[in-house]
Amino acid sequence: MFDKKIRPRRLRISENIRSLVRETNLSVKNLVYPIFVVPGENIREEIPSMPGCYHLSVDNAVELAKKISALGITSVEIFGLPEYKDEIGSSAWDKNSPVQRAISAIKKAVPELVIVGDVCLCQYTSHGHCGKICDGYVDNDETLKLLQKVALSQAEAGADIIAPSDMMDGRVAAIREILDEKNFSNVIIMSYAVKYASAFYGPFRDAADSAPQFGDRKQYQMDFANSREALKEVEIDLSEGADIVMIKPALAYLDIVSKVREKINNPIAVYNVSGEYAMVKAAAKNNWIDEKKIVLESLTAMRRAGADIIITYHAIDVAEWLK
């Protein structure tokens, strides 16, 4: 016989009661929207594997940024396709590349919008790997010099946050050093501290034209079977000067988010990646799921696990739903 005085269901009896005692809330202030910029003008081409996401020229990226800000979303992350590729990815720090031009133009048009610059080399190199290749291997320490150039170029363009996603050892320290040396001490570093070698990245590699031309990225991205290693990576990046740490992907790694949350007080970001997004879109298109309910439940779960920031392609839809 249960004790009839104790009835947890009392606190679920109406929507207003449920809202009053809700432990976790999702807000547009938690969201970052990724933008893919490309060379040219007046370009807006839907990415086939990511319905609702587009390749945009800088002029259209600025217009989208204005819409995003009007919806209450406070941050965007800029990715880009370059005009040229080479062995070391030199277009990644070219001030005339779409990413640098988009950062500058968006910051000028919407100065209050927080701009995150993704620092990596995979979409800029002819081989598709995240660094300089030496004897068939990504040379860690030589790559750090290139990442410094990318980070500095984005800070000079106006990025508020630099987000290294390459998973080279020591890159946070190297980037912090160059930013401080060049008087960008207030630029935040949000490190992709825990980035797994995941099958969930497939659509993004189409969007960013960043698939490796040989091998894979398992020599530098993390083994998806490991969790203790994630705590080690977070500890290292924070010791090197990271202000925010990111876990990527999100949905399949909420246990990692929770473990990291228990260990640190710094802000935690998660990346709700392209494969997670594409699966929801495909299922919704076939009327197998209620897209709005699934998305809101999934993003709330990320917050519940301990994420402060969610980078997601659903951000615009969520902002409109929450209004």
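Student: What does "buried" mean here, in terms of relative accessible area?
Tutor: A residue is buried when its relative accessible area is under 20%, exposed when it is over 50%, and partly exposed in between (1.4 Å probe, protein chains only). The model is predicted, so to speak of its local features requires a pLDDT of at least 70, side-chain atom pairs count only at pLDDT 80 or more, and totals for chains, interfaces and linings use all residues. Residues are numbered from 1 along each chain as its sequence is written, and side-chain values use heavy atoms, without hydrogens or water.

Student: Is Ser274 buried or exposed?
Tutor: Ser274 counts as buried, at 1% relative accessibility.

Student: And where is Ser274?
Tutor: Ser274 belongs to helix 9, which covers residues 274-285. Helices (H or I, at least four residues) and strands (E, at least two) are DSSP runs, numbered from the N terminus.

Student: Which residues does Ser274 touch?
Tutor: Leaving aside residues up to four places away in sequence, Ser274 touches Met50, Phe200, Tyr201, Gly202, Pro203, Phe204 and Tyr313. Contact means heavy atoms within 4.5 Å.

Student: What about Leu64, which residues does that one touch?
Tutor: With residues up to four places away in sequence again left out, Leu64 touches Tyr33, Ile35, Leu56 and Ile316. Leu64 sits in helix 2, residues 58-70, and is buried at a relative accessible area of 17%. Its C-alpha atom is separated by 29 Å from that of Ala242, which is 178 residues apart from Leu64 along the chain.

Student: Moving to the strands: which strand pairs with strand 8 over 4 bridges?
Tutor: That is strand 5, residues 114-119, and the two run parallel. Two strands pair if DSSP finds at least two bridges between them. Within this pairing, Asp118 stands opposite Ala163 of strand 8.

Student: How many bridges join strand 8 to strand 9?
Tutor: There are 2 bridges between strand 8 and strand 9 (residues 188-195), and these strands also run parallel. Ile161 has Ile188 of strand 9 as its bridge partner.

Student: Which way do the residues of strand 8 point?
Tutor: Ile161 and Ala163 point one way from strand 8 (residues 161-164), while Ile162 and Pro164 point the other way. All of these residues are buried.

Student: Back to strand 5: how many of its residues are buried?
Tutor: In strand 5, 5 of the 6 residues are buried, and the strand is mostly covered. Strand 5 also pairs in the parallel sense with strand 4 (residues 75-80), over 4 bridges. There, Val76 stands opposite Ile115 in strand 5.

Student: What do the buried residues of helix 5 pack against?
Tutor: They pack against strand 5, helix 4 (140-157), strand 8, strand 9 and helix 7 (228-239). The buried residues of helix 5 (residues 171-181) are Arg171, Val172, Ala174, Ile175, Arg176, Ile178 and Leu179. Helix 5 is followed by Asn183, which has a positive phi, near 70°.

Student: New topic: how many salt bridges does the structure hold?
Tutor: The structure holds 14 salt bridges, each being a side-chain nitrogen of Lys or Arg within 4 Å of a carboxyl oxygen of Asp or Glu. In one of them, Lys107 is joined to Asp160, with the closest N and O atoms 2.7 Å apart. Lys107 is in helix 3 (residues 98-109) and Asp160 in the loop between helix 4 and strand 8, so the pair ties together parts that are 53 residues apart in sequence.

Student: Is Lys107 buried or exposed?
Tutor: Lys107 counts as buried, at 18% relative accessibility, whereas Asp160 counts as partly exposed at 26%.

Student: Which residue forms a salt bridge with Arg261?
Tutor: Asp308 does, with the closest N and O atoms 2.9 Å apart. This pair links distant parts of the chain, 47 residues apart: Arg261 is in helix 8 (residues 254-263) and Asp308 in the loop between helix 10 (291-305) and strand 12 (309-312). Arg261 is partly exposed at 23% relative accessibility, and Asp308 is partly exposed at 29%.

Student: Which residues are linked in a network of salt bridges?
Tutor: Glu15, Arg18 and Arg22 are linked in such a network.

Student: Finally, how many disulfides are there?
Tutor: There are 0 disulfides, a disulfide being a pair of cysteine sulfur atoms within 2.5 Å. Cys122 is in no disulfide, and the nearest cysteine sulfur, that of Cys120, is 4.0 Å away. Cys122 is buried, with a relative accessible area of 6%, while Cys134 is partly exposed at 27%.
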